[in-house]
Amino acid sequence: MFRIDVDNAHAIVGFVLEGYIRVPEMEAFVTELERATDSLAGQDIKILADLRAFRPASPEAANMIRRVQEYGLRSGVVRVAELVESEIVALQLNRVAQNSRTDRILRRFWEESAARLWLIQGDATEPPQPRP
């Protein structure tokens with residue numbers, strides 16, 4: 001199951017992935033996530049990914065996650081905050097983020113409020129992110 005929300009005021013695309021996501025559902029998720037990202041074109045886009053109830057993905061689904069991360073980088077995503085509780089999911093997502101190069105703009109959080117604050121404010125000493 002998945003849900004996607006857009007916070008236009010802060011240019012944040014938030015999503016929740018729960019359980020085991022089969023390939024057809026992952027394809028639908030990727031399509032909707034790309035559409036949500038496109039709706040914020042021209043802005044510094046931030047992603048809030050709630051993966052606390054997500055279960056390890058199949059290799060095909062993990063590859064789709066990598067491709068949508070690459071799409072996000074090309075589309076203006078400057079920060080990604082992930083909420084993750086499972087060490088196994090975190091390891092899989094680390095590998096995917098390294099392959100997509102999203103790891104450079106990614107942070108993990110335990111609490112949504114801290115993640116949202118970082119997405120909106122960034123780090124005090126954070127230099128502007130160059131667009132690819």
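A pocket is an open set of points on a 1 Å grid over the protein atoms alone, where a 1.4 Å probe fits, with protein on both sides within 12 Å along at least five of seven lines; lining residues have an atom within 4 Å of a point. Volume is the space filled by probe spheres set on the points. The model is predicted, with local features needing pLDDT of at least 70 and side-chain atom pairs pLDDT 80 or more, while totals for chains, interfaces and linings use all residues. Residues are numbered from 1 along each chain, and side-chain values use heavy atoms, without hydrogens and water.

The largest pocket holds about 170 Å³ of space. Its lining has 13 residues, and D5, G14, L48, E112 and R116 are the closest to the centre. At least two lining residues come from each of β1, β2, β3 and α4. Helices (H or I, at least four residues) and strands (E, at least two) are DSSP runs, numbered from the N terminus.

Helices α1 (23-38) and α2 (59-75) pack at about 5°, their axes 10 Å apart. α1 is therefore roughly parallel to α2 (angles under 35 degrees). Axes are lines fitted to C-alpha atoms over the stretch in contact, and angles run from 0 to 180 degrees between N-to-C directions.

L117 lies in α4. L117 is partly exposed because its relative accessibility is 47%, between 20% and 50% (1.4 Å probe, protein chains only).

Notes
Parallel < 35°, antiparallel > 145°, perpendicular 65-115°, else oblique.
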